[in-house]
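Open the model in your viewer and keep the selection panel at hand. The tour goes stop by stop.

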Amino acid sequence: MAEQNTDVQTEYNQLKNQIKQWSIEYYQNDKPSVEDNVYDQNYRRLQEIEEAHPELITEDSPTQNVGGQILSGFNKVNHDIPMLSLGDVFSEEELSDFINRLNNNYPQIKQYNCELKIDGLAISLRYEDGILVQGSTRGNGTIGEDITTNLKTIESIPQKLTRPVTIEVRGECYMPKASFVKLNDQREKNGESVFANPRNAAAGSLRQLDSKVTAERKLSTFMYNVADYNDLETTTQDGLLEELKDLGFAINPTYRVIENMDDVNDYIQYYTQRRDELSYGIDGIVIKENDLALQEEIGTTVKVPKWAIAYKFPPEEVKTKLIDIEWTV
Ligand code: NAD
C-alpha cells in the first residue's frame, strides 16, 4: 500500500512539473511544444489524482492557480477582482453532467447563455468617467501586465465610451485568421520563427515593448464580462453583452440564450460545423448561467467560476502524449 502511494506521489510530481514547464512555454514564451489536447489530457490526469488523493494537493499545483506568467519590462497591475480561468469538459455527456449538477444545486436557474470560446487571451480594460485609463493582461489572475499603450492601438477598443461610466470590462483579444496567415508568411520570408497558432501570435503581439509592432499585427477584441456587475444596469449575461455593445465595445454577436440541454447541443453542433467559416479562431463553447446575481451567489473556486463551463472541441487529429509515451490514434 505504501509503495502504491509512493508511485502515485511520483506520478503526481512528474505531472505537476511537466505541466508547469508547458505553461512556461505557452504563457511566457508564446511557444508551446505540445498541442493543447496533450496539455489538457495531462491536466485532467492531475485532477483525477487530486480527486482520489486530496492529501497530495499543494498550493503550487496548476489546478490551484490561474496559468500565466508576468513578463519583466511591463508594470504590474493588481486585479482587485481576480481574472479567472474556466473549468472545461470534453464531451456532451460531461457537459450534461455539469449542467444537471448545477441545476440540482440551484433549482432557480432558468436560462444559460451560450457563447463562442474565442481563442485569444484575456484582457481587462479600466475606464474612468468613460475614458480608457488602463488595460492589462490576465497574468496569474491577481497580477497582470500593464499593456495600456499597446491596447490603445487596437481599433475595436474604444478610448471613450458612449456614457461617462466608471467600469472595468473584460474580454478576449485575438488575432483574426487572415492577420495570422499574413504575419506568419512575413516571418517565414524574413527567416524568423513562425507562431504555432493565432492565440500565441496574439499573446506575443500584445506583450511588445514597442506599441508600433502591436499596431501592425491587426489584433481585435470581443468583450464579454465586467469585474463588478453592479456597474451595469442589466441583470443578465445576454443583457450584459448588449450593454457593452451600447457602450461602444465589440461583442461577439453569436451568443444564444437557451433553456434546455437539447438547445445547448444544437448550438454546439451548429458552431462545430461552421467553425472554419469564422474569421477568428474558436476552441470551444462557453455555457454561462444567465442571471448575474445568481452567478455571484454560485461563486467561484480559486481558479474558475462555478456558474460557467467551457466545452472544448475535440482536436482535429487525436494525438496523445502522457509524459513518456507518445502515440497517434
Ligand atoms: P482556457 O483558455 O481553457 O479558458 C479560460 C479562458 O477562456 C478565459 O480566461 C478567457 O480568456 C477565455 N474565453 C474565451 N472566450 C470566452 C468567453 N466567451 N467567455 C469567457 N471566457 C472566454 O483557460 P486558460 O487557463 O486560459 O488556459 C488553459 C488552456 O490553455 C488549456 O486548457 C490548454 O488548452 C491551453 N494551454 C496549452 C498549453 C500547451 O502547452 N499547449 C500550455 C498551457 C495551456
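Start at Val-66. With 20 C-beta neighbours inside 10 Å, Val-66 counts as buried, because 20 or more is the cut-off. Val-66 lies in the loop between H2 and strand S1 (76–78). Keep in mind that this is a predicted model.

Now show the surroundings of Val-66. Setting aside neighbours within four places in sequence, Val-66 contacts Met-83, Leu-84, Ser-85, Arg-138, Asn-140, Gly-141 and Lys-303.

**The ligand**

Select the ligand next. Which residues come nearest to it? They are Tyr-26, Pro-32, Asp-36, Ser-85 and Ala-122, out of 23 residues around the ligand. Ser-85 is also one of the contacts of Val-66, which links this stop to the last one.

Colour the shell by element. Helix H1 (2–28), helix H2 (36–52) and S3 each supply at least two of its residues. H1 gives the most, with four. For the complex, the predictor reports an ipTM of 0.98 and a pTM of 0.93.

**Lys-117**

Go to strand S3 and pick Lys-117. The unreviewed UniProt entry carries the annotation "active site" here. Is Lys-117 buried or exposed? Lys-117 has 21 C-beta neighbours inside 10 Å, so Lys-117 counts as buried.

Show the contacts of Lys-117 beyond four places in sequence. They are Ile-282, Asp-283, Gly-284, Ile-285, Val-286 and Ala-310.

**Helix H8**

Select residues 237–247, helix H8. Show the side chains of Gln-237, Leu-240, Leu-241, Glu-243 and Leu-244, which are buried. Look down the axis: these residues cover an arc of only 165 degrees, which puts them on the same side of H8. An α-helix has 3.6 residues a turn, so residues three or four places apart point the same way.

**Thr-272**

Move to helix H9 (residues 261–274) and pick Thr-272. Thr-272 has 14 C-beta neighbours inside 10 Å and so counts as partly exposed. Draw a line to Leu-71: the C-alpha atoms of Thr-272 and Leu-71 are 35 Å apart, and 201 residues separate the two in sequence.

**The whole chain**

Zoom out. The protein chain has ten helices and 13 strands. Its radius of gyration is 20 Å, close to the 20 Å that the globule rule gives for 329 residues, so the chain is as compact as a globular protein of that length. Along the principal axes, the C-alpha atoms fill a box of roughly 65 × 55 × 40 Å.

Of the 329 residues, 33% count as buried. Take the contacts between residues at least 6 apart in sequence: 73% of them join residues at least 24 apart.

Last, colour by pLDDT. The chain averages 93, and 95% of the residues score at least 70. Select residues 318–329, where pLDDT is below 50. Beyond near neighbours in sequence, this stretch has 17 contacts in the model. Where pLDDT is low, the predicted coordinates should not be read in detail.

Methods. Residues numbered from 1 in each chain as written. Predicted model: local features only at pLDDT ≥ 70, side-chain atom pairs only at ≥ 80, totals over all residues. Rg over C-alpha atoms; globule rule 2.2 N^0.38 Å. Buried ≥ 20, exposed ≤ 12 C-beta atoms within 10 Å, placed from the backbone. Contact = placed C-beta atoms within 7 Å. Arc of directions from axis to C-beta. pLDDT = per-residue confidence, 0-100. UniProt positions renumbered as here; feature names shortened; annotations may be inferred. Near = placed C-beta within 6 Å.
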